[in-house]
Amino acid sequence: MSASTKRPRLKLNLLGNDGQRKCKEIIERPVKVLQVGEGNFLRGFADWMLHESARQGKFHGSIVVTQPRPGGKAKLEQIREQDGLYTMITRGLSDGKPVERTELISIFSRCMNPYEEWQDFLELAELPSLEFVISNTTESGLKYISSEYVEGEPVQSFPGKLTVFLHRRFERFAGDPARGLIHLPCELLEGNGDVLRSCVLRHSEDFGYSDAFRTWITEHNLFLNNLVDRIVTGAPTQDEADALTNRWGYEDQLINTAEPYHFWAIQGDEALDKKLPLKQAGLNVHWVKDLKPFQLRKVRILNGAHTLMSSLGILQGKQHVRETMEDPQFGSFIREAVHEEIIPALNMPDLNLGLYAEEIFERFLNPYINHKLQDIALNTIGKFKVRVLPTLLSYEQNEGNWPSRLLRGFAGLLYLYRPVSTPEGYQTQRLNGESFILRDDPQVLSLLAGYWEDYDTLNSNEQQLDRIIGSVLSDVSIWGENLDEREGLREALVHEISLLKGESL
């Protein structure tokens, strides 16, 4: 923070009497949520939602926030120093109109560092008011790591800590079925609730806990699979922060920013909304019987559109998602690919995919987000196999012909992935001759480099290209099947690549 904008730090005592009263009215409520994760995403997603529900008088509880790793101490201290308060800025497009809202979030009643306050952390398990555990520890944090528990010493992993925490609760309430907790892991893993329960059960055996405890975990705790979606961009630039500090008259080291769009699908009984009244508060939260259709919708439309545009956009010198969508030809290409090829191949009329797609396009055009295509292009081969290839194959099977836009996207991927090994890594070339570093599985890049080794961009012929594409498509280790056996696919891709070499979209 520059000296010219130095202001008092955001704390409760900086607020007027009315502001203090409103904040205290929420943070002094009984603790209902243990939150494992102090980062931007949960503060811009679940915490923002719970604050909104509490503000409306629907959620009558508060949150204790902890960090999943020792390295989270600094952020936790910042939250503690600001009495749990932070400023949330929501900005972007909503129904085609610019939106910018600023809110003061007050939902944290306590901060707890389990690595330094282990016994205090375990005592939280004895709170009768506690009902939920919400986490976001990244995918690497939600996995089983074999370990031992030494009494009095914190377990390093999140599932390990949670196992000890739940055992403390089990003992305190003598296995009371009504004292089980509802677990909402927000890590971006399919079946995240199932994964967390499995980890807890395995740790319970590592730590020598009883069969009765495992029965209580299985029968009286809910580990709910859920899907979260919101772009939380975190802190603004320093210049923006300075300007906001001057405007507000206080310094906030926890300013958080996010897009207006938010979506939370939870695989559980809708009656649970009485305990976690987010849908009642008018938020885009859905309690569903089956999460898979929502996951498939996101992967094939949102992620699929990203992957489709990344290779083609990079080839043509584009830098960002918004720039790509604002291009009249490219923007139309992506919209048509989604509406005319991806959605028909999904055949899921109950989920209103057309409306969902338009929400996605609006998010892509958010003027406050600069989403780099090179970031989306990380590990594109693996992403394409999950996000686009199944749609392309399904469309052909249903319609009897290859979808032209998805085919163009596949051609763009294959032509971008002409790796040449250099000291800086595997490089390729855009259509204008500029170099571009490919960031993907080294083994896959090595295989592709071999297939393209003798290719001469300027002096190649269609016969040589046909041979190369045939070799790439037939590599089962890359695609999981021999794609060269798909009738007409090689010929169609060779034709599209030939067009790409001399034309733009």
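Me: How close do the axes of α10 and α13 come, and at what angle do they cross?
Reply: The axes come within 11 Å and cross at roughly 40 degrees. Axes here are lines fitted to C-alpha atoms, for helices over the stretch in contact, and angles run from 0 to 180 degrees between N-to-C directions. That makes α10 oblique to α13. The classes are under 35 degrees for roughly parallel, over 145 for roughly antiparallel, 65 to 115 for roughly perpendicular, and oblique for the rest.

Me: Before we go on, what kind of model is this?
Reply: It is a predicted model: local features need pLDDT of at least 70, side-chain atom pairs count only at pLDDT 80 or more, and totals for chains, interfaces and linings use all residues. Residues are numbered from 1 along each chain as its sequence is written, and side-chain values use heavy atoms, with hydrogens and water left out.

Me: And the helix and strand labels, what are they?
Reply: They are DSSP runs, numbered from the N terminus: helices are H or I with at least four residues, strands are E with at least two.

Me: Back to α10 and α13. Left-handed or right-handed crossing?
Reply: α10 passes α13 in a right-handed crossing. Right-handed means that the near helix is turned clockwise from the far one by less than a right angle; anticlockwise is left-handed.

Me: Which residues meet there?
Reply: From α10, Arg-297, Lys-298, Ile-301, Leu-302, Ala-305, His-306 and Met-309. From α13, Leu-353, Tyr-356, Ala-357, Ile-360, Arg-363 and Phe-364. Contact means heavy atoms within 4.5 Å.

Me: How do they divide by class?
Reply: Nine nonpolar, one polar and three charged. Ala, Val, Leu, Ile, Met, Phe, Trp, Tyr, Cys and Pro count as nonpolar, Asp, Glu, Lys and Arg as charged, and the others, Gly among them, as polar.

Me: What about α12 against α13?
Reply: Helix α12 spans residues 328-346 and α13 spans 353-364. Their axes come within 11 Å and cross at roughly 145 degrees. This crossing is right-handed.

Me: Which residues make that contact?
Reply: Ile-334, Arg-335, Val-338, His-339, Ile-343 and Leu-346 in α12 meet Leu-353, Gly-354, Ala-357, Glu-358 and Phe-361 in α13. The contact has seven nonpolar, two polar and two charged residues.

Me: Where does Glu-362 lie, and what is it in contact with?
Reply: Glu-362 lies in α13. Leaving aside neighbours within four places in sequence, Glu-362 is in contact with Leu-93, Ser-94, Asp-95 and Gly-96. Glu-362 and Ser-94 are 268 residues apart in sequence, yet 7.5 Å apart in space, C-alpha to C-alpha.

Me: Switching to sheets. What is the order in the four-stranded one?
Reply: β4-β3-β11-β10, an open sheet with mixed pairing. Two strands pair if DSSP finds at least two bridges between them. The edge strands are β4 (97-106) and β10 (232-234). Neighbouring strands are turned by 20 degrees against each other on average, direction ignored.

Me: Which helix packs on that sheet?
Reply: Helix α3, residues 46-55. It touches β3 (85-94) and β4, and its direction makes about 80 degrees with that of β4.

Me: How do β10 and β11 pair?
Reply: In the antiparallel sense, over two bridges. Val-232 stands opposite Ala-258 in β11.

Me: And the three-stranded sheet, what order?
Reply: β9-β12-β13, open and mixed. β9 (226-229) and β13 (285-288) are its edges. β12 (263-267) pairs with β13 in the parallel sense over four bridges. Helix α10, residues 292-315, lies across β9, β12 and β13, at about 35 degrees to β9.

Me: Last topic: what does UniProt say about domains?
Reply: Its unreviewed entry places "domain: Mannitol dehydrogenase N-terminal" at residues 32-279. The annotation "domain: Mannitol dehydrogenase C-terminal" covers 290-496. UniProt positions are given in the numbering used here, feature names are shortened, and annotations may be inferred rather than shown by experiment.
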